[in-house]
Amino acid sequence: DGCGHTVLGPESGTLASINYPQTSPNSTVCEWEIRVKPEQRIQLKFGDFDIDDSDSCHSSYLRVHNGIGPTRTEIGKYCGFGFQMGGLITSKSNEVTVQFMSGTHTSGRGFLAAYSTTDKSDLITCLDNASHFSEPEFNKYCPAGCVIPFADISGTIPHGYRDSSSLCMAGVHAGVVSNTLGGQINVVISKGIPYYEGSLANNVTSKVGPLSTSLFTFKTSGCYGTLGMESGVIPDAQITASSILEWSDQTGQVNIWKPENARLKRVGPPWAAFITDEHQWLQIDLNKEKRITGIITTGSTLAEYYYYVSAYRILYSDDAQKWTVYREPGMDKDKIFQGNTELYQEVRNNFIPPIIARFFRINPLKWHQKIAMKVELLGCQFSIGRAPKITMPPPPQNKNDDKNDDFSDDFIHSVKTSLQTDKTTFTPEIKNTTVTPSVTKDVALAAVLVPVLVMVFTTLILILVCAWHWRNRKKKTEGTYDLPYWDRAGWWKGMKQFLPTKSAEHEETPVRYSSSEISHLRPREVPTMLQTESAEYAQPLVGGIVGTLHQRSTFKPEEGKEASYADLDPYNSPIQEVYHAYAEPLPITGPEYATPIIMDMSSHPSTPLGVPSVSTFKAAGNQAPPLVGTYNKLLSRTDSTSSAQALYDTPKGQPGPGAADELVYQVPQSVAHSTGSKDE
């Protein structure tokens with residue numbers, strides 16, 4: 001009479017003293033006999049141990065034996081308040097006997113222990129939580145039987161569980177381990193959240209929890225997606241039922257709660273059975289075999305119709321003819337799933353191991369008022385071997401239609417014994433571990449080559465742009481035939497200089513000369529001009545028809561030897577066939593490169609005031625006003641080394657030293673002037 005919570009699985013389990021964690025009653029005793037496969041051994045781990053040792057383990061103690069029966073041998077005898085058991089107790093055979101004796105005492109919680117086969121080196125107990133481990137990620141083995149009434153959990157998947165929650169109990173709630181089998185969990189610790197939701201899943205109720213510093217989640221295979229009830233991927237024609245509830249309301253409107261209404265989260269009525277007995281079913285055709293890992297159910301979701309299913313069985317088939325009842329591995333009885341406790345809440349149940357089938361049936365065993373429900377299936381595409389199946393004939397008729405909400409062992413026993421099923425073999429255990437996706441070499445190579453190629457092409461473009469700008473700057477500072485700045489008139493104006501001109505009246509581009517070329521000029525080769533205002537471009541100094549000129553072209557010698565100003569006298573040369581464009585006059589403020597003008601006042605008498613001077617340049621607009629001064633004739637001294645004598649333009653009324661045919665300068669267009677030297 002001293003046995004408390006006990007679950008003895010084929011490879012692991014949990015056992016506790018009576019009333020744990022409260023004080024056990026006096027004069028009680030309990031003995032557990034544990035067996036595993038013959039080739040295996042058993043290890044025992046205590047999660048809590050608090051037994052009165054006031055009489056030196058004489059009347060209250062825990063004793064562990066190798067073997068079962070009269071031939072067993074003692075491994076150890078233990079007692080003490082808050083006793084810390086260091087390490088594991090390991091058996092020498094596949095059988096162990098655990099004996100608990102409680103004498104006269106006033107305190108002591110008793111004990112809670114877990115066992116497993118010795119190949120589970122990372123065994124933990126149902127009392128361990130995430131705060132007991134410092135690693136951000138770790139693997140542990142949970143024993144069977146960790147759904148205990150004295151442990152709490154807060155949270156749900158996928159948001160996570162509060163760090164104070166029992167790891168193994170949360171694993172059962174999440175559906176990664178089975179309460180009757182236990183299993184491996186892969187835990188990941190992360191930062192906590194302000195609020196933890198509560199839910200009912202796998203017969204475990206998770207409570208609402210407050211803020212915590214950390215939380216934990218589980219790594220799984222990822223096969224928990226919805227299979228198409230809510231989304232409509234499963235057509236209406238593939239959802240059938242044993243019967244359909246149909247009736248007329250007070251207004252005469254006919255209400256039909258058809259099977260296709262059994263879609264989770266869909267607005268409206270659910271599916272409801274017309275007949276209320278345990279032989280009703282809702283069937284879903286998945287069109288092909290799928291891996292089914294869980295199911296979510298709700299009630300009617302209509303407040304005026306308080307209907308829901310509180311317990312059900314699961315059957316599956318490949319041909320909709322031979323059906324298999326779902327059982328957990330190693331169990332010889334059907335698994336009864338806990339359903340809803342009210343009409344709104346979503347309740348989840350997981351299948352460990354998963355079901356591999358095309359046809360899926362829900363067989364309600366317990367309900368409230370009427371059989372009504374909405375459903376969603378969880379799972380993924382089938383990719384591994386099939387699970388073993390058992391065949392089952394149709395269930396016999398049961399005349400007992402009275403149902404209550406309380407589960408009774410007698411009722412479940414009567415349902416199970418009415419089914420004739422064949423035995424099945426053990427289903428291989430499927431561990432819920434994360435499948436790490438493999439990354440191919442091509443993807444890795446592309447991830448490296450693409451950024452490298454982008455950087456190389458960007459670098460080449462930058463080098464070309466910098467070289468182009470450097471070339472332009474060099475030509476502006478050293479070259480005679482410089483191009484204008486791009487930013488002076490915009491990119492289009494810069495491009496126009498490379499295009500053929502259509503009109504001679506367009507805007508002209510100035511010609512620049514370097515200081516090295518100006519130094520080669522003789523004084524007589526620099527044309528004089530009188531400028532009082534902004535002047536237009538000068539007329540050509542040599543007569544003749546100007547050839548086709550580009551508007552923005554500058555003077556450039558022909559191919560071969562480069563001509564210079566020192567080799568060519570523009571005033572004495574014969575008519576040229578090709579001429580350069582007009583040069584822009586020098587600004588009023590002073591030329592950038594100018595040859596000084598020398599006044600020869602010794603050989604030229606003064607000219608009366610008001611006599612206009614003759615200029616070789618055309619004035620802008622009207623005739624330029626006459627210069628006021630004693631001498632208004634501008635002369636340029638000729639080069640003493642020049643053999644040819646050149647004359648400069650002379651004012652009216654002054655005879656020139658040369659003949660009339662030697663004058664080659666053009667007079668202003670606004671003044672009537674002959675080429676002769678006599679006075680008019």
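This is a predicted model: local features need pLDDT of at least 70, side-chain atom pairs count only at pLDDT 80 or more; totals for chains, interfaces and linings use all residues.

Student: Where is Leu453 found?

Tutor: Leu453 lies in helix H3, residues 441–478.

Student: Is Leu453 buried, exposed or partly exposed?

Tutor: Leu453 counts as partly exposed because its relative accessible area is 47%, and that class lies between 20% and 50%.

Student: What is the general idea for nonpolar side chains?

Tutor: In soluble globular proteins they tend to be buried together. Here the largest nonpolar core has 29 residues. Those with the most contacts inside this core are Ile295, Ile314, Phe351, Ile355, Phe360 and Ile362.

Student: Which strands each supply at least two residues of this core?

Tutor: They are S18 (239–241), S22 (282–298), S23 (308–317), S26 (347–368) and S27 (372–381). S26 gives the most, with 6 residues.

Student: What does Ile295 touch?

Tutor: Leaving out residues up to four places away in sequence, the contacts of Ile295 include Tyr312, Ile314, Phe351, Phe360, Ile362 and Val375, and also Arg348 and Glu376. A second, separate core has 25 residues, among them Ile153, Val177, Ile185 and Phe216.

Student: What is the mean pLDDT of the chain?

Tutor: The mean is 73, and 60% of the residues reach 70 or more. Over residues 502–582 pLDDT stays under 50, and the model has 118 contacts beyond four places in sequence for them. Residues 479–488 also stay under 50, with 29 such contacts.

Methods:
Residues are numbered from 1 along each chain as its sequence is written. Side-chain values use heavy atoms; hydrogens and water are left out. A nonpolar core is a set of buried Ala, Val, Leu, Ile, Met, Phe, Trp, Tyr and Cys residues joined through side-chain atoms within 4.5 Å. Buried means under 20% relative accessible area, exposed over 50%, partly exposed in between (1.4 Å probe, protein chains only). Helices (H or I, at least four residues) and strands (E, at least two) are DSSP runs, numbered from the N terminus. Contact means heavy atoms within 4.5 Å. pLDDT is the predictor's confidence in each residue, from 0 to 100.
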